[in-house]
Amino acid sequence: MNIALDVQHLSKAYGKKQAVNDVSFQIMEGEIFGLMGMNGAGKTTILRMLATLLHPDSGDALIAGHSVKEHPELVRANICYLPDEAGAYRSMTGRQYLEFIAGLYFKEYDEQKACVQLGEEICGLGDALNRKISTYSRGMTRKLVLARTVMPKPRLAILDEPTSGLDVLNSLDIRKTIRRCAKEYGTAFLLSSHHMQEVQNTADRCAIMKDGVFLAEGTPQELLAKYNAATLEEVFERAVNGV
Amino acid sequence: MMHLLRKELRELMNKQMLLGLLGTMVLIIMLGVIMTNTMSESLESSGELHVIDYDDTEFTRSVISALEEDGYEVEVSKLVEKDNSVLMEEKDWKEAVLIRQGFTQQILEQGTAGEVSSLTVLQSTTSMDVMMSGSTSTDAFTAKVKEMLMAEKLGENMEFLADPVEVIPWTYANYNQAQVDSFALVNSLSLFDRLMPLILFMLIVLTAQTIITAVAAEKTDKTLETLLASPIPRGHVIGAKMLAALIVAVIYALSYGVGFLVTMLMTVSGTGEGMDLGQAMTDIAKLNQAVETLELQIPVWGWMLVILELLLTIGIALMASIILGALVQDAKSSQNASLPILVCAMLPYILSMISDIRQMEGITQILMYAIPFTHTFIATSCLRFHDMGLLCIGLIYQAVFLALMTAAALKLYRSDILFIGMPKRKAGKEKAN
């Protein structure tokens with residue numbers, strides 16, 4: 001299996017605050033990697049640097065072999081980014097939005113059409129795709145934006161709190177979609193979350209962050225065994241409190 | 001109740017609102033200062049009379065003396081051989097009354113109206129400017145002649161005494177002269193000259209507000225992050241926004257232009273009811289001839305330059321809006337973000353309505369020229385009065401300004417500032433989870 005993401009000693013500071021401090025990790029193709037941490041731990045900063053929206057102070061990250069510092073335009077051709085609580089253009093219908101996003105990634109009409117068809121299938125919104133996005137519920141919007149994130153079949157999908165604010169059933173749908181896309185299309189996923197249970201049930205590997213550094217990293221099973229815990233919540237508590 | 005009131009006031013009276021208030025206050029004060037200066041200059045000059053006395057008789061001298069006794073400061077020239085346009089430029093006169101040879105004879109001996117010429121040097125097409133400086137000397141001289149004749153010859157020929165002076169208007173511009181009333185001439189010229197600043201002002205304000213709101217909405221909805229993380233070059237993102245806003249602006253401009261034009265034509269045709277059509281056509285032909293004689297017409301290449309300045313101005317407004325919109329932190333503050341653009345558009349717009357910016361002096365003029373929009377507001381004036389140097393400098397300045405704004409916008413959209421704010425506000429502001 002190939003390496004989809006190779007993060008090497010990545011650091012970023014905001015003034016005097018060190019948001020991310022010398023972080024390194026790898027994600028393989030088709031692998032789901034969960035980043036856990038409290039507010040201000042540095043999760044979003046890592047995701048934004050990988051999405052080429054922020055510039056790293058030091059270190060680098062290679063996505064499909066391309067450096068985020070040296071070749072951000074090549075990186076962007078291999079990633080899709082879903083920001084936390086991201087919206088969509090409310091004046092568009094769901095289908096128009098998918099078509100617009102497909103147009104950003106593909107030049108050929110056939111490729112765009114295939115991409116939109118996949119997006120329609122992934123989001124499962126059916127006839128509601130013909131309605132304006134302004135009429136969508138939060139869950140419907142989230143399914144739509146997740147579908148647009150994975151439909152171009154990127155090498156790496158970067159998801160910031162993908163189930164934030166959703167009910168249990170919608171969250172389950174989103175998790176199933178992520179697992180399916182990783183398996184079927186070989187897309188690597190990097191997702192951040194506050195929900196330990198979600199990471200435990202979705203991710204192949206995960207990391208716990210505090211104050212910009214990784215406190216622990218491994219498969220959920222490895223972490224449960226290492227911290228002698230029944231759930232990732234217990235792992236998180238023990239890792240953060242240094243127990 | 002007080003608890004709620006305090007909360008509502010805290011919501012309404014934020015930093016942006018106070019900045020907006022401050023900006024508006026500065027704008028009003030600046031306008032007040034400039035208007036006061038303009039008015040006081042006009043008032044000062046209204047006490048000065050300029051007389052070219054070709055007749056030079058005891059009667060004309062007595063009229064001039066009477067005017068001086070009334071408190072006027074009268075400057076008199078009797079140089080018959082000198083070209084009047086040269087004389088007026090040398091003496092820096094904007095207007096004068098020329099008493100023709102035989103004036104006294106016509107009035108006192110023949111009992112007919114005496115001829116004088118009302119000379120006006122046209123320097124701008126601002127109606128108020130022309131109205132204020134137009135024919136002060138002629139009006140004062142005519143009134144005094146009437147007053148003196150009334151006192152001397154009361155009851156002799158009341159019809160003649162009611163109108164003892166025949167005024168022949170002469171207008172000077174671009175070292176040319178034409179027998180035409182300056183005010184009528186300016187009115188005939190200024191249909192477009194008045195229309196264009198209004199449309200330009202509305203376009204700047206409207207496009208600025210549209211772009212700032214659109215960018216701020218993209219930022220708060222996080223659709224901007226999605227766009228900037230996509231494979232599309234960032235220049236394309238900015239370019240598409242600008243082009244879309246430009247197309248909308250042109251549609252607005254055309255709609256406004258057609259709307260205003262129809263309204264003006266309707267007004268003109270409405271007020272023209274009952275007029276002698278033949279006479280009206282003759283007047284228009286005469287005015288057109290005067291425009292040609294005075295070289296006040298704008299050639300085709302001139303209009304092309306005006307359109308170029310118009311596009312540069314809208315481009316600058318759009319770029320500034322893209323930058324301001326990107327710096328907006330939330331939807332609420334986007335309402336006030338357009339204030340700097342509004343102030344920069346309103347100042348030259350209002351001032352070009354009431355005064356000729358080209359004639360201003362000192363720091364006021366430097367400040368006005370520093371605003372890139374000003375050069376478009378004065379473009380037609382530069383072309384009509386052959387001020388090509390100023391026009392070219394304005395064009396170059398606008399092009400350089402637009403290039404700098406474009407570079408700044410591109411840099412901003414490639415920088416961290418877009419997502420984490422200005423450097424001094426970085427610490428503690430970023431969501432670093």
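## Two helices crossing in chain A

Let's start with a pair of helices in chain A: the axes of helix H4 (residues 109-123) and helix H5 (residues 138-150) come within 8 Å and cross at roughly 140°. Axes here are lines fitted to C-alpha atoms, for helices over the stretch in contact, and angles run from 0 to 180 degrees between N-to-C directions. Helices (H or I, at least four residues) and strands (E, at least two) are DSSP runs, numbered from the N terminus. That angle makes H4(A) oblique to H5(A); under 35 degrees counts as roughly parallel, over 145 as roughly antiparallel, 65 to 115 as roughly perpendicular and the rest as oblique.

H4(A) brings A:Gly119, A:Ile122 and A:Cys123 to the contact, while H5(A) brings A:Lys143, A:Leu144, A:Ala147, A:Arg148 and A:Val150. Two residues are in contact if their C-beta atoms, placed from the backbone, lie within 7 Å. By class, that's five nonpolar, one polar and two charged residues. Ala, Val, Leu, Ile, Met, Phe, Trp, Tyr, Cys and Pro count as nonpolar, Asp, Glu, Lys and Arg as charged, and the others, Gly among them, as polar.

## About the model

This is a predicted model: local features need pLDDT of at least 70, side-chain atom pairs count only at pLDDT 80 or more, and totals for chains, interfaces and linings use all residues. Residues are numbered from 1 along each chain as its sequence is written, and chains are lettered from A and ligands numbered from 1 in the order in which they are written.

## A sheet in chain A

Chain A also has an open sheet of four strands, in the order S2-S1-S4-S5, with antiparallel pairing. Strands pair if DSSP finds at least two bridges between them. Strand S2 (17-28) and strand S5 (66-67) stand at the edges with a single partner strand each, so one side of each has no neighbour in the sheet.

Further in, five bridges join S1(A) (residues 3-14) to S4(A) (residues 58-63). A:Asp6 has A:Leu62 of S4(A) as its bridge partner.

## Over to chain B

Chain B has 20 helices and six strands. The axes of H13(B) (residues 300-327) and H19(B) (residues 388-413) come within 9 Å and cross at roughly 25°, so the two helices are roughly parallel. Their contact has 19 nonpolar, five polar and one charged residues.

## Where the chains meet

The contact between the chains takes 20 residues from chain B and 32 residues from chain A. On the chain B side, H10(B) gives the most, with four residues.
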